[in-house]
Structure formats: structure tokens, C-alpha cells
Amino acid sequence: MNSNGAIIVQSNLEIMVEVDNPNYEAARDAIAPFTELVKSPEHLHTYRISHLSLWNAAATGLRAPEVLERLESQSRYPIPQSVVTEIEDYMARYGLLRLKKDGERLIIESDDKFMFTEICQLKEVAEFILEFIDDTHAIVDPERRGHLKMALTNAGFPVEDLAGYTVGEPLEITLRDTTLAGKKFELRDYQKEAAQVFFASGSEKGGSGVIVLPCGSGKTVIGLAAMALIQTKTLILTPNISASRQWIREICDKTNLTIDQVKEYSGEVKEIGPVTVATYQILTQRKRIKKPGEESNTENLEMSDEEVKKELANFPLFSQQKWGLMIYDEVHLLPAPVFRLSTEMQATRRLGLTATLVREDHKETEVFSLIGPKKYDIPWRVLEAQGWIASADCNEIRIPMEAELKMKYALAPVREKITLASTNPEKNDIVHRLLNFYNKPDDRILIIGQYIEQLESLSKELDIPLITGKTANKDREKLYAAFRDGSLKNLMVSKVGNFAIDLPDANVLIQISGTFGSRQEEAQRLGRVLRPKQDGGTAHFYSIVTQDSKEQEFAMNRQLFLTEQGYAYKIIKRGDWDILARTPEELAARGK
């Protein structure tokens, strides 16, 4: 107990954190590895301890005594006994059950025969038990390894999978010392550590799990490092074609592999090689065309896994090749059908890469069970302090509604309220102000939004190129390349810009509209400007929000992600807009 502590631990497993306390940052960093941020108003933030957050912490090596010590050292009051019991109980459950191989047999075991017997009798678990060997060992169906892991996690007893992996086709992969452009290339310490933690010297303790690091920190490079450690045929899954082609460029630039060995499997190109980069979309493509109004069968939870496989046109790519490693880029975006197919890939090493474990569909349990637990993460602010990602200032600019819009908003149904607030025409004035503010030759501004008509209108008004889902891939690549080389200063993108695009020199991001309260979207968008700047400058993130509207409510949820990472979120209202007029010194520096 600490009389100056910044946290109060409550018996419902929620933790109140006092923002104005001088020990706030230390307390926040201490509890972050085993909690989830729920609310972040001005003065008191609310975190929650969940069973999944405790199991993810346990998978990284954190143990109950250390969790309790962290809570006690930062808490103003004694920890409720019920919370102590819950933490000790649930963290002890991770590794209580183990999956192992015995020749060709898949065995589940435990050291506690009473608990083992009780769990194996559970209806959702019993169907996977083929035969009991003794009181603490049973043979389970190897073909349903993933299903069993999901069932056990849902029952509250996550199994530690030590059954190892099949050996994929060998592939010699080495990392270059210099890139194709002649630049020196070496792994950063945390990239090397993350890859080694995942690989675990090739033992069964490694080989499956998720690495959580900021956009701009080089997660792709960690994937390359894992490939070089495992030396095997690899399938890489990405959110879109732009991301796939970025992976291909990085592989050819930083490893000994040639373009003949690295193939793209997409809607445009369908080639398979020793390393194949495919999109999630192509894997979920169906054999027949969906009729208007018909729901996607691959999302139908009533379908059996066999029916799902028959429905997917490109499933053989997933299952019939002898992959030794699968990399899931932006694993928080993994579609439901790919989760279901991943239940069969448990004998293949699986690496998930993401900036946040938060999923809008709340399928974090599926990530934990089928891809693997969190194996490695570093707080964003730590990497910022070390200079590996740019420092960032995050701002929300709140704009009012004019009288006519306010009346229209008041009378509109909820869905329309969101659209009206998001497309408030007053936002255009703020965009103009920001473009005038950031007008130095080396400023690179990315404008991103959700509503195509809004973006098209603003694009025409500002004469700034726009990339949407309808933009041909060759045209996208040209615009991205022009932005990267500096011949294009400003670029506008729809939500396609959320995912895995490499725009290292973007230093200003203006968000004019977004998905309903999406924390993962906020992570992706902030990540677009976090790559270190050549001049060491700061990244600037602006979210323009209509005041006193549904959009403002959603913005509060999106802020959770930034707060989680330790970023202060400045609110700028109409009376404070003069802040965008700059100080006299800044005006002079900009030649105004």
C-alpha cells in the first residue's frame, strides 16, 4: 500500500487511476501488461483486469506474485482479497493443462488429477477426448487441436500448447547487411529480441503467438527475422494488396530471397512460391457469386468447418502447401472465416503481428487460442524515448454545428446523426487552416476519412489526390511512391489508408471522420505518422470532431487507445483555434 499511490483497486476487478497524481505514469506503466483500459475521462481512468489479460501476461512470463507486487506498490488502499484470489487463481490456470506429442499421438496432461478429471468431463471438452491413459493423461484428436484449445479457453482453462510443429519445406533465408539501395541494415535490439522470443531456439515453447508493437516500429522486419531463424517455406497473410506488395519489397530488399522466390497471391496475380504473400480477402473469396441481399455463408456460424472449406475458392492455398511458418499481418483484422480455417493449422508455426490486441468484434479469445498468446510487447512511449518512433502530439479539434445542421441533426435517426456529424461542412475550414499551418517544404500531410462523398468534395476543393477502394492498384502505387519521394506533398485517403501502407515521411495526419469508436482504427491511423523523421521532428495527429454529437461520443472511445499508449490528448475548441495561427517565432521561422 502506498499513501501517495495513483491507483485504487476495486473488488469488481476494475482499477481507478488518478491522472493528476505525480505517480500516474509509473502506475499506468506498471499495470499496463495485465489490464485493459475501459474509460479515460479527464481525471480518473478506468482499467479492467480480465481473465484473458491475465493469461496474456502469464504467457509473457509475468507471474501472480509480480502482478500483486505491482498493484500493492501503486495502490492507495489495500488490495481486496477477492482480487488477490482471482489473480492467483486465473494466472495459475495458464499452463495447468499442457498439450504434448507422444509419437504420433496428441496428449493432454496435467499434474492435478482431480482438476484434470473435472475438466475432461465438461461437455464442450469431452468430445475431443479419444482415450484416457491414466488420471492425468489422455489422448485427444490431433485433427481438432485448434477446436480443443478454443473449448478449453472458453471453459476458463487455457492449455499450453507444447505439441510442437510439423517441419515445412526448407528454405535458406538470410538477412542482408546492406539493402539493395546500399543502406546499412541491422536489427534493432527489440526486433531481435521479439523474433528470438517467438522462435524460442526452435523449441515447442515458441513458434506461436502475437507480437504487439507500434506501427512504424518495424514489425515487418521482425517477421523477416523470424523467417531467417526458422528457414522454411512461408505464407504471409495481409489486409490488402498494397500491404502485400510492401512485404514483397521488404523481403527482396532485406533478405537474400529474389523476386522469383517471393510470389503474390491476390485477385490480380495468383502465383505460389517458396514465400507467398496473400490477402485475407482472397482467402475468404467464395466459389460462387453472392446474390443481392444474400449473407456471406462463410460468416454463418451454423455451417460446419467442412462446409466453410468447400465454400472458399482458395482454401487449397491455405491447407495443401507444406508451409513451415504462417505470418498474420495486422492480426487484429483477421476475418472470421480465416479464424475457423486456422483451427486446422495448429501444427504450423504461426506469428501474429499487430499494434493492438483490441478487436472490434471482440474475438480476442480466438487470437489467443488459435494464433497464440501475446509473446512480446513494448510500450509506445518507450520506443519513442529511444528514438525508434517519432514523438507525437495528439489533438482533437471540436467544431460546432451551424443552426441549420443542428436542427437537421436533432430530427435525424441515430445512424443519420452519425453521418451528419461526421460530414459537418465546417470541418473543411479546419483542414484549410491546418494546410496553411503546415506549409514548410518538408511537411507531408495525410488526410484520412470514412465518407467517400466528403473526401471527393474536399479533394476537388483542395486539389489533393484521393485514394479510395476503387482506385486501381497501379494508380495507388504511383501516388504512394510520389508521396514517399516528396514530389507529392499532400495526399488524401479513405479507410484503405488505415492498413499497412509505408509512408515514412508523413508528419501530419488530419482525421476528418472515422469508424464508430474504433480503437484499432486510431492505432492504425496514428501509426501512419509515427515512423521516425529524418530531421527528428515531431508527428502531429489531428482528429476533427463535431461537438455535442454522436461523433464526439465515439471519439472518446477512440481516445482510449492513445491514452493506453501514454499520449496526452489535447482538446481544441473554437475559442482556442487561434492556436493554429502560430506564435510570432513560428511565423518568422516559416517566413510569414
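Two strands count as paired here if DSSP finds at least two bridges between them. Helices (H or I, at least four residues) and strands (E, at least two) are DSSP runs, numbered from the N terminus.

## Ground rules

You're looking at a predicted model, where local features need pLDDT of at least 70, side-chain atom pairs count only at pLDDT 80 or more, and totals for chains, interfaces and linings use all residues. Residues are numbered from 1 along each chain as its sequence is written, and side-chain values use heavy atoms, with hydrogens and water left out.

## The parallel sheet

Let's start with the open sheet. It has 7 strands, and reading across gives S19-S20-S18-S21-S22-S17-S23, with parallel pairing. At the edges sit strand S19 (466–467) and strand S23 (569–572), each pairing on one side only. Helix H20 (residues 452–462) packs on this sheet, touching strand S18 (445–448), S19 and strand S20 (490–493). Touching, or contact, means heavy atoms within 4.5 Å. The direction of H20 makes about 165° with that of S20; angles like this run from 0 to 180 degrees between N-to-C directions, and axes are lines fitted to C-alpha atoms, for helices over the stretch in contact.

Now zoom in on strand S17 (residues 392–399), which pairs with S23 in the parallel sense over 4 bridges. Cysteine 394 has tyrosine 569 of S23 as its bridge partner, and asparagine 395 is partnered by lysine 570, also in S23. S17 is also joined to strand S22 (residues 539–546) by 8 bridges, again running parallel. There, aspartate 393 stands opposite histidine 540 of S22.

Strand S1 (residues 7–9) and strand S2 (residues 14–18) pair in the antiparallel sense over 3 bridges, and isoleucine 8 has methionine 16 of S2 as its bridge partner. The hairpin of S1 and S2 has 4 residues between the strands, and leucine 13 takes a positive phi near 75° in it.

S2 has another partner to look at: 5 bridges join S2 to strand S4 (residues 44–48), and the two run antiparallel. Glutamate 18 stands opposite leucine 44 of S4.

## Two helix pairs

Helix H1 (residues 24–31) and helix H3 (residues 64–74) pack at about 165°, with axes 10 Å apart. That angle makes H1 roughly antiparallel to H3 (over 145 degrees; under 35 is roughly parallel, 65 to 115 roughly perpendicular, the rest oblique). The crossing of H1 and H3 is left-handed, meaning the near helix is turned anticlockwise from the far one by less than a right angle (clockwise would be right-handed). H1 brings Ala26, Ala27, Asp29, Ala30 and Ile31 to the contact, and H3 brings Arg70, Leu71 and Gln74. These residues divide into 5 nonpolar, 1 polar and 2 charged. Here Ala, Val, Leu, Ile, Met, Phe, Trp, Tyr, Cys and Pro count as nonpolar, Asp, Glu, Lys and Arg as charged, and the others, Gly among them, as polar.

Helix H2 (residues 51–59) and helix H15 (residues 364–371) pack at about 30°, with their axes 10 Å apart. That makes H2 roughly parallel to H15.
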